[in-house]
Amino acid sequence: MAHDAGVSGSHWHVEVTDLLVTAQGPAGTPTPIVRDLSFGIARGEVLALIGESGSGKTTAGLSLLGYARPGCRIAGGCVRVGTTDVLALRRSQLADFRGANVSYIAQSAAAAFNPAQRLLSQVIEPALIHRLMPRREAEEKARELFRALALPDPVRIGERYPHQVSGGQLQRVMAAMALITDPELVVLDEPSTALDVTTQVEVLRAFKRVVRDLRTTALYISHDLAVVAQIADRIVVMHDGAAQETGTTGTILDDAQHPYTRSLLAAAAPRGVPETTDPPMPPLLEVTNLTAGYGHRRALIPVLHGVSFTIAPGRVLGVIGESGCGKSTLARVVAGLLPQASGQVLLDGQSLPARVEERTRDHLRAVQIVFQSADTALNPARRIGPILARPLRFYHGMRGITARRRVAELLDMVRLPRAVADRFPDELSGGQKQRINLARALAAEPRLLLCDEVTSALDTVVGAAVLDLLAELRRELGLAMMFISHDLSTVRAICDDIMILYAGQRVELGSRAALRQLPRHPYTDLLLSSVPQLRPGWLDEVGSVHLREASGEPSLDDGVRPCAFFRRCALRIEGVCDRATPPLRHLSKGGMILCHRDEAELSRVEACETVDLASDAPTIHGCE
């Protein structure tokens with residue numbers, strides 16, 4: 001791959017030339033997983049590596065630390081960071097180089113921290129290990145980074161343990177740990193993929209500001225083009241271990257030349273399924289005034305509060321909200337994996353037992369759940385064939401050749417080769433494992449499918465393929481679905497009806513068409529305006545009012561239940577929203593919201609003159 005025209009190699013602060021990384025093949029022969037890769041990064045520049053899972057992005061990023069994962073080795077090429085020839089370093093030199101000269105920010109901050117140690121101790125550890133400064137100076141520098149990364153209470157947040165901060169806050173604490181040594185290069189590996197859209201906005205803003213202020217050179221690895229558009233100066237598009245196209249962010253987004261790049265851009269905008277106009281039918285699933293949580297009844301930690309909704313046969317309900325809002329808890333209650341504290345769950349008008357062990361085989365067959373993480377949902381010691389044959393035997397009594405034939409049909413249904421039946425889960429990609437997860441649920445021939453964040457861990461292309469598959473299965477099988485996600489653009493593309501949860505409360509419920517119309521609940525507007533747009537500069541236009549809404553905490557006082565969104569809402573009514581439970585309002589556009597503001601008030605504010613997202617005016621963002 002040629003470097004950008006007009007820029008000589010001497011200008012690069014980081015340079016990778018003809019990189020070759022191989023993995024041990026089935027017969028012991030080396031198989032290239034990164035090949036002939038060359039790129040440069042100027043000082044203070046952010047270069048993005050994008051591509052689908054398996055394209056070699058992370059492998060290439062780790063090579064900048066002189067590291068290859070088990071079973072792999074860096075077999076050729078040159079990696080230079082500043083004046084250091086990384087691949088020529090001995091093991092002891094690499095130990096000094098990593099952390100001091102190059103830092104790495106991983107996708108999962110929760111997995112990177114020791115739960116038994118306070119945050120500050122872990123953040124300053126690289127500076128102490130490399131003997132760059134005394135402890136007191138390191139602690140003061142850590143607090144300065146906390147402040148620069150817009151963490152709350154930067155003086156005292158370091159005294160907390162990892163479980164005492166949110167996911168977005170922990171991601172920024174990990175950034176502080178990476179930056180405390182003033183490294184020449186920071187490698188950010190999908191640092192916002194698992195975050196809610198509202199949390200992602202504040203994290204991206206913090207990352208971008210710190211990288212700019214500190215003139216840090218950065219490699220940003222992602223499959224999300226909309227995120228890359230906000231953070232990167234230039235982009236390298238990777239596929240099958242090789243670079244397919246390189247250029248400035250604007251050029252790649254506006255004038256992509258390679259067919260693969262154009263396919264990534266197409267997949268970034270989910271294709272909407274046609275809105276159905278079928279006559280109303282009696283509900284298949286009816287949930288009424290559901291309250292659920294964890295712990296014993298007398299010491300219940302509530303997660304869901306009085307949630308009600310219905311799903312008709314063949315329709316898809318999207319459930320969306322931030323982490324901790326109760327989405328997965330809701331799916332677990334409907335599936336019988338978690339009993340409700342109060343309320344009813346009805347299937348075809350008949351009450352479903354609260355506990356899965358009390359449900360009949362027909363109950364279990366009718367309601368199937370597809371979990372977010374296919375890795376933990378599939379038995380690694382069993383081949384795919386027996387995994388799929390088990391529900392066939394349990395629900396339908398199929399054995400022998402009949403079961404094998406049906407396994408083949410299920411693999412056809414989820415668009416996988418029949419030879420996959422002889423493989424183990426760890427021999428499949430993330431997208432393939434999620435399809436097996438789906439095939440196992442379909443083996444029961446359910447009437448309702450609960451999809452819990454089934455595309456959140458997948459790259460754009462694979463995720464789009466899974467969504468297309470779900471839409472096709474719905475048409476062919478007439479399946480009803482509950483589709484849980486924190487990606488509002490995906491939910492709006494494939495769901496008939498959408499329910500917005502906040503802090504365990506249903507704050508809005510309506511059809512997909514109704515959600516496109518004003519007025520909306522203020523929290524719904526926040527979600528809509530937090531979805532990154534596929535154009536550079538969008539992040540810089542997000543105003544401070546939006547950021548205050550995005551970074552606030554729910555209001556969950558004991559006794560009187562005020563509006564949970566009160567502290568974050570730009571339209572709050574002091575003395576009302578903080579003291580009284582908001583009423584349920586039915587809107588003329590269809591649907592309902594939980595809000596103290598009436599429809600006329602919301603319409604007057606939301607139908608404002610063009611909202612300036614960069615202003616501090618106390619208005620709802622996302623006016624259309």
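This is a predicted model: local features need pLDDT of at least 70, side-chain atom pairs count only at pLDDT 80 or more; totals for chains, interfaces and linings use all residues.
Trainee: Does Leu149 count as buried or exposed?
Mentor: The classes rest on relative accessible area, with buried under 20%, exposed over 50% and partly exposed in between (1.4 Å probe, protein chains only). Because its relative accessibility is 0%, Leu149 counts as buried.

Trainee: Which residues are in contact with Leu149, leaving aside its neighbours within four places in sequence?
Mentor: Contact here means heavy atoms within 4.5 Å. Lys208, 59 residues away from Leu149 in sequence, has its C-alpha 9.4 Å from that of Leu149. With the sequence neighbours set aside, the residues in contact with Leu149 are Arg172, Ala175, Ala176, Ala206, Phe207, Arg209 and Val210.

Trainee: How many of the 13 residues of helix 6 are buried?
Mentor: Helix 6 runs over residues 167-179 and reaches 19 Å from its first C-alpha to its last, close to the 18 Å expected at 1.5 Å a residue, where the expected span is 1.5 Å times one less than the number of residues. Its buried residues, among them Gly168, Arg172 and Leu179, pack against elements including helix 3 (109-112), strand 7 (185-189) and helix 7 (197-214). Helix 6 is largely enclosed by the rest of the structure because the number of its buried residues is twelve.

Trainee: Which residues of helix 6 make the contact with helix 4?
Mentor: The axes of helix 4 and helix 6 come within 8 Å and cross at roughly 30 degrees, the axes being lines fitted to C-alpha atoms, for helices over the stretch in contact, with angles running from 0 to 180 degrees between N-to-C directions. Helix 4 contributes Leu119, Gln122, Val123 and Pro126, and helix 6 contributes Leu170, Val173, Ala176 and Met177.

Trainee: Why are helix 15 and helix 16 oblique to each other?
Mentor: Angles under 35 degrees count as roughly parallel, over 145 as roughly antiparallel, 65 to 115 as roughly perpendicular and the rest as oblique. The axes of helix 15 (residues 400-413) and helix 16 (residues 430-443) come within 9 Å. Helix 15 and helix 16 are therefore oblique, as their axes cross at roughly 125 degrees.

Trainee: Which residues of helix 16 does helix 15 meet?
Mentor: From helix 15, the residues involved are Leu410, Leu411 and Met413, and those they meet in helix 16 are Ile436, Ala439, Leu442 and Ala443.  By class, this contact of helix 15 with helix 16 has no polar and no charged residues, and its nonpolar residues number seven; Ala, Val, Leu, Ile, Met, Phe, Trp, Tyr, Cys and Pro count as nonpolar, Asp, Glu, Lys and Arg as charged, and the others, Gly among them, as polar.

Trainee: At what angle do helix 16 and helix 17 pack?
Mentor: Helix 17 (residues 460-477) has its axis 10 Å from that of helix 16. The two helices are therefore roughly parallel to each other, and the packing angle is about 20 degrees.

Note on methods. Residues are numbered from 1 along each chain as its sequence is written. Side-chain values use heavy atoms; hydrogens and water are left out. Helices (H or I, at least four residues) and strands (E, at least two) are DSSP runs, numbered from the N terminus.
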